[in-house]
Amino acid sequence: MCTVAILRTEGADPEIPLPDYATAQAAGMDVHANFGEANREEGIQLQPGERALIPTGFSIALPPGYEMQLRPRSGLALRYGITLANAPGTIDADYRGEVGVILINHGSDTCRIKHGTRIAQFVVAPVLKVRWEEVKTLSGTKRGGGGFGSTGS
């Protein structure tokens with residue numbers, strides 16, 4: 001387990017829960033929309049094809065060597081066609097601004113995102129840094145240079 005510092009942003013609603021695991025074995029934490037006072041009553045309406053940056057009401061300080069991945073919620077995707085425009089999104093360890101979630105409506109109907117709606121899942125994961133080694137040839141595999149979809153039906 002790693003500890004992550006979290007700070008509610010100015011104007012955030014303290015009644016909205018911080019990200020939390022819904023079950024003991026959940027990999028992702030549910031995160032809620034936390035609109036400023038001007039939008040709390042109405043939330044926002046996402047028209048089909050429209051995207052919007054939804055505020056979460058907090059900033060974080062991840063430990064070095066970690067990232068936070070933003071992932072869609074399957075219920076929103078199935079019921080309304082709502083997903084993340086940049087899934088999965090990444091919050092880097094050195095980012096200190098408010099965490100926002102870019103939702104997009106791929107559905108056929110307008111969808112209202114209310115204050116407090118669970119809008120995404122967050123997964124905190126270690127980051128492995130890569131050092132490139134340029135070579136003249138690569139080791140062979142059965143697949144070889146087969147492209148997308150070449151491993152079967």
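**Exercise 1. Which residue in β11 stands opposite Val31, and how do the two strands pair?**

Step 1: Val31 stands opposite Ala120 in β11. A word on the ground rules: this is a predicted model, where local features need pLDDT of at least 70, side-chain atom pairs count only at pLDDT 80 or more, and totals for chains, interfaces and linings use all residues. Residues are numbered from 1 along each chain as its sequence is written, and side-chain values use heavy atoms, with hydrogens and water left out.

Step 2: Strand β3 (residues 29-32) pairs with strand β11 (residues 118-126) in the antiparallel sense, over 4 bridges. Strands here are DSSP runs (E, at least two residues), numbered from the N terminus, and two of them pair if DSSP finds at least two bridges between them.

Step 3: Now place that pair in its sheet. The order β2-β3-β11-β6-β8 describes an open sheet of 5 strands with antiparallel pairing. β2 (20-21) and β8 are the edge strands, each pairing on one side only.

**Exercise 2. Find the strand order of the open sheet with 4 strands, and say which strands lie at its edges.**

Step 1: The order is β1-β5-β9-β7, and the pairing is antiparallel.

Step 2: At the edges are β1 (5-8) and β7, each of which pairs on one side only.

Step 3: From one strand to the next, the twist averages 45 degrees. For such angles, axes are lines fitted to C-alpha atoms, and values run from 0 to 180 degrees between N-to-C directions.

Step 4: Look at one contact in detail. β7 and β9 pair in the antiparallel sense over 3 bridges, and Leu84 stands opposite Leu103 in β9.

**Exercise 3. Why do the residues of the UniProt "binding site" feature not all gather at one spot?**

Step 1: The unreviewed UniProt entry places this feature at Arg73, Ser74, Gly75, Asn86, Thr90, Ile91 and Asp92. These positions follow the numbering used here, the feature name is shortened, and annotations may be inferred rather than shown by experiment.

Step 2: They span 20 residues in sequence, and the farthest two C-alpha atoms are 26.4 Å apart, so they do not all gather at one spot.

Step 3: Take Asn86, in the loop between β7 (82-84) and β8 (89-91). Its relative accessibility of 37% makes it partly exposed, a class between buried (under 20% relative accessible area) and exposed (over 50%), with a 1.4 Å probe and protein chains only.

Step 4: Asp92 lies in the loop between β8 and β9 (98-105). Asp92 is also partly exposed, at 44%.
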